[in-house]
Amino acid sequence: MTTLETPGPTLGVVGGGQLGRMLAEAAGPLGVEVVVLDPTPDCPAAPLAHDQIVADFDDEDGIRELAERADVLTFEIELADQDVMGRIGEETGTPVHPKPSTLETIHDKLVQKRELAEAGVPVPPFREVEDADDVREAIDDYGAPVMLKARTGGYDGRGNVPVESKADAEDALESVAGPAMVESFVDFEREVSVIAVKGEDEVATFPLGENVHEDEILRETIVPARSSEAVTERAYDVARDVLEVMDGRGVYGIELFETSETRGTSETSSGQSPRESGGEILLNEIAPRPHNSGHWTIEGTQTSQFEQHVRAVLGWPLGSTALRSPTVMTNLLGDVEEQRPAQLEDIDEILETPGASLHWYGKRQARPLRKMGHVTLSAHDEGTSVDDLLETARDLEAAVTFRS
Ligand code: AIR
């Protein structure tokens, strides 16, 4: 039986960006206190959290203080140092979720792909590359273009470089600047993601989201995804298989490709055309934390991904992931030429539109393509389709301007 007292349990979160902010927003009503650790004074999570420890993500003293004050340690950024968290977690007896070993696996995209492929999770062809010759060889084998990825450190598209031809191999490797891997470029029909939750002795998956990326950065999530039922079910199966490999409780963002064609026998055996049955599901990447493609769950489902993360890491029962209504989320990315104080103008249309919710992360500085906020638009009547929602959401996003 789960018991609540005052003050409630404390969650220590390494990282205090928008994810930490939305975690704190979700923790409040449950009586859970959040302390974040982030190097930026007045980080986005600070005004909503109980407290902020100003320290680097790998600062041992800071993380020890966080662990001593917390009942459970978690993280909202992959720059968190798994070795330091693991060691200090053990020293202080504060559990860390997801487990640092999971973060270690995920940290290195090559290790991540290898472990998942070994577990039978479908992944695009991939390999380690050490020099430009390896990249060129991969282009020979997979065909151009290929996707060159930094094995560690990249997020929000940083560190992912499409290589169009062999002539670009050298420059691409240089821009990645570090250990790298190459993946075959997936000819996808759409990108989708499953936000999945691993609880104490249960798992949950949120409705499938369809993601639109540009320049490797998420722009929109559309729910339900416009995939066939068969593909949607397949995505949930793959997500559950992924969770089997992950160690530790919490929310995982599982990014998937739905390929354009159905290969093999499924199209003939089911008697459906590829369009009806859809393509295959391949794993793209995993994030061991709440994910941008799950922000829509705040308004769109009965329990948000942030509340699920709080519940999961504390070992509490998970909530319902049932869809409330079709929902579209659009990111508000810094539309500025260079860094400047954050100021978003003309927000009136968003505020006045029924079903629209504005989330502003409170980042002091806008930077080109930085995630500054998002807008969620939920259907408020039965007749509204996701295509209608998408059109309105795009209009809302276009209505606001960053002061430059
Ligand atoms: N984040 C973590 N991994 C990927 C993303 N987008 C979130 C976390 C982190 C914040 O982005 O909430 O703290 C950092 O944002 P920025 O704009 O300061 O780089």
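This is a predicted model: local features need pLDDT of at least 70, side-chain atom pairs count only at pLDDT 80 or more; totals for chains, interfaces and linings use all residues.
L66 sits in helix α2, which covers residues 60-69. Leaving aside neighbours within four places in sequence, L66 is in contact with G12, V35, L37, I53 and L73. I350 is 284 residues from L66 along the chain, and the two C-alpha atoms are separated by 38 Å.

Which residues of α2 are buried? They are G62, I63, L66 and A67. Seen down the axis of α2, the buried residues fall within an arc of 135°, so they line one face of the helix. An α-helix has 3.6 residues a turn, so residues three or four places apart point the same way. The elements packed against the buried residues of α2 are the strands β1 (10-14), β2 (33-38), β3 (51-54) and β4 (72-75), together with helix α3 (82-92).

## Overall build

The protein has 14 helices and 21 strands. Its radius of gyration is 21 Å, close to the 22 Å that the globule rule gives for 404 residues, so the protein is as compact as a globular protein of that length. The C-alpha trace spans about 60 × 50 × 50 Å along its principal axes.

Of the 404 residues, 47% are buried. Among contacts with a separation of 6 or more, 66% are between residues 24 or more positions apart.

## Domains and the contact of domain 3 with domain 4

The protein is divided into four domains: domain 1 (10-96), domain 2 (125-184), domain 3 (190-314) and domain 4 (327-402). The centres of domain 3 and domain 4, taken over C-alpha atoms, are 23 Å apart. Each of these two domains puts 14 residues into the contact between them.

On the domain 3 side, β12 (217-223) and α11 (297-300) each supply at least two residues. β12 gives the most to the side of domain 3 that touches domain 4, namely seven residues. By class, that side of domain 3 has seven nonpolar, three polar and four charged residues.

In soluble globular proteins, nonpolar side chains tend to be buried together. The largest nonpolar core here has 82 residues, and L23, V34 and V242 touch the most other members. Helix α1 (residues 18-27) gives the most to this core, with six residues.

Which residues does V242 contact, leaving aside neighbours within four places in sequence? The partners of V242 are L116, V121, A196, Y252, I254, L283 and I286. There is also a second, separate core of 17 residues, with V135, L148, A172 and V182 included in it.

## E191, a buried glutamate

Is E191 buried or exposed? E191 has 20 other C-beta atoms within 10 Å, and a residue with 20 or more is classed as buried, so E191 is buried. E191 belongs to strand β9 (residues 188-198).

Not counting residues up to four places away in sequence, E191 touches N211, H213, E255 and F257. T2 lies 189 residues from E191 in sequence and 38 Å from it in space, C-alpha to C-alpha.

## Backbone exceptions

Most residues other than glycine have a negative phi, and most peptide bonds are trans. The bond joining H97 and P98 is cis, with omega at about -15°, and P98 lies in the loop between α3 and α4 (100-107). Another cis peptide bond joins V223 and P224, where omega is about 0°. P224 is in the loop between β12 and α8 (229-245), and β12 is also the strand that gives seven residues to the side of domain 3 touching domain 4.

Positive phi values are found at D215, near 50°, and at E216, near 70°. D215 is placed in the loop between β11 (209-214) and β12, and E216 is likewise found in the loop between β11 and β12. D215 counts as exposed because it has 10 C-beta neighbours inside 10 Å, where 12 or fewer is the cut-off. E216 has 15 C-beta neighbours inside 10 Å and therefore counts as partly exposed.

Technical notes:
Residues are numbered from 1 along each chain as its sequence is written. Domain bounds come from an automatic or database domain assignment. Two residues are in contact if their C-beta atoms, placed from the backbone, lie within 7 Å. Helices (H or I, at least four residues) and strands (E, at least two) are DSSP runs, numbered from the N terminus. Ala, Val, Leu, Ile, Met, Phe, Trp, Tyr, Cys and Pro count as nonpolar, Asp, Glu, Lys and Arg as charged, and the others, Gly among them, as polar. The radius of gyration is taken over C-alpha atoms; the globule rule is 2.2 Å times the number of residues to the power 0.38. A nonpolar core is a set of buried Ala, Val, Leu, Ile, Met, Phe, Trp, Tyr and Cys residues joined through C-beta atoms within 7 Å. The arc is that of the directions from the helix axis to the C-beta atoms.
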